[in-house]
Amino acid sequence: MATVKFHGEVDVNLSGTELNVGDIAPVVTGVAQDLSDIQIGGQKGKAQIILAVPSLDTGVCAKEAKRFNDEAAKLDHAEVIIVSMDLPFAMKRFCAAEGANNIVVASDYRAKAFAKSYGVLQANGPLAGLTARAVFIVNPSGKITYKEIVPEITDEPNYDAVLRAAAEATSTACCGSCH
């Protein structure tokens, strides 16, 4: 199983099912801002850019969410979903305060289904029980075309690589199943 760092000092083991590029993205249920169920993963007929973050209530996670909110406005045929263990009320407050209306937020607090199914649940360390920082891009056919587990939890993802992979996955010329 994968290991990441927290502040460069603590080794954090990730638990759950490790997924890789080429795998079919499992369908899991998260909780939306309004407490309704929201589907994450699987085949949706459009690309999904799934961002796992420890908590929107941290500077790095908030910066990442705001950046992807801005980028999401430029993407056609894609949905940006941010998953954390934050309660839906906190996610709603964050989105309202930041004007983040181009992203979907999903809480994984009930069953940790996303974190376990995607292999990003922090098993130990100061943030045990939260998700690690990770990015999964799922093409319209439900296949994972990009994966980044950020090696240092307090670092941001590689925005350029994510956005290149997102552009490829959202291309209208190909459904993505040929990659």
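Lys 74 and Glu 71 form a salt bridge, with their closest N and O atoms 3.6 Å apart; the term covers a side-chain nitrogen of Lys or Arg within 4 Å of a carboxyl oxygen of Asp or Glu. This is a predicted model, where local features need pLDDT of at least 70 and side-chain atom pairs count only at pLDDT 80 or more, while totals for chains, interfaces and linings use all residues. Residues are numbered from 1 along each chain as its sequence is written, and side-chain values use heavy atoms, with hydrogens and water left out. Lys 74 is exposed at a relative accessible area of 61%, whereas Glu 71 is buried at 14%. Here buried means under 20% relative accessible area, exposed over 50%, and partly exposed in between (1.4 Å probe, protein chains only).

Helices (H or I, at least four residues) and strands (E, at least two) are DSSP runs, numbered from the N terminus. Lys 66 is partly exposed at 34% relative accessibility, and Glu 98 is partly exposed too, at 37%.

The whole structure has nine salt bridges. One of them joins Asp 37 and Arg 110, with the closest N and O atoms 3.7 Å apart. That pair links distant parts of the chain, 73 residues apart: Asp 37 is in strand S4, and Arg 110 is in the loop between strand S7 (104-107) and helix H3 (113-117). Asp 37 is exposed, at 57% relative accessible area.

Strand S4 (residues 37-40) runs antiparallel to strand S3 (residues 28-31), and four bridges join them; strands pair if DSSP finds at least two bridges between them. Val 28 has Ile 40 as its bridge partner in S4. Five residues lie between the strands of this hairpin, where Leu 35 takes a positive phi near 75°.

## The nonpolar cores

A nonpolar core is a set of buried Ala, Val, Leu, Ile, Met, Phe, Trp, Tyr and Cys residues joined through side-chain atoms within 4.5 Å. The largest one has 29 residues, and Ile 49, Leu 56, Val 80, Ile 82 and Ile 137 touch the most other members. Strands S5 (47-52), S6 (78-84) and S9 (134-138) each supply at least two residues, as do helices H1 (59-72), H2 (88-98) and H4 (159-169). H4 gives the largest share, seven residues. A second, separate core has 27 residues, including Phe 6, Ala 32, Ile 50 and Ile 144.

The buried residues of H4 are Tyr 159, Ala 161, Val 162, Leu 163, Ala 165, Ala 166 and Ala 169. Their cover includes S5, H1, S9 and strand S10 (144-149).

Glu 79 is in strand S6 and is buried, with a relative accessible area of 15%. Leaving aside neighbours within four places in sequence, Glu 79 is in contact (heavy atoms within 4.5 Å) with Lys 44, Lys 46, Ala 47, Gln 48, Ile 49 and Val 104.
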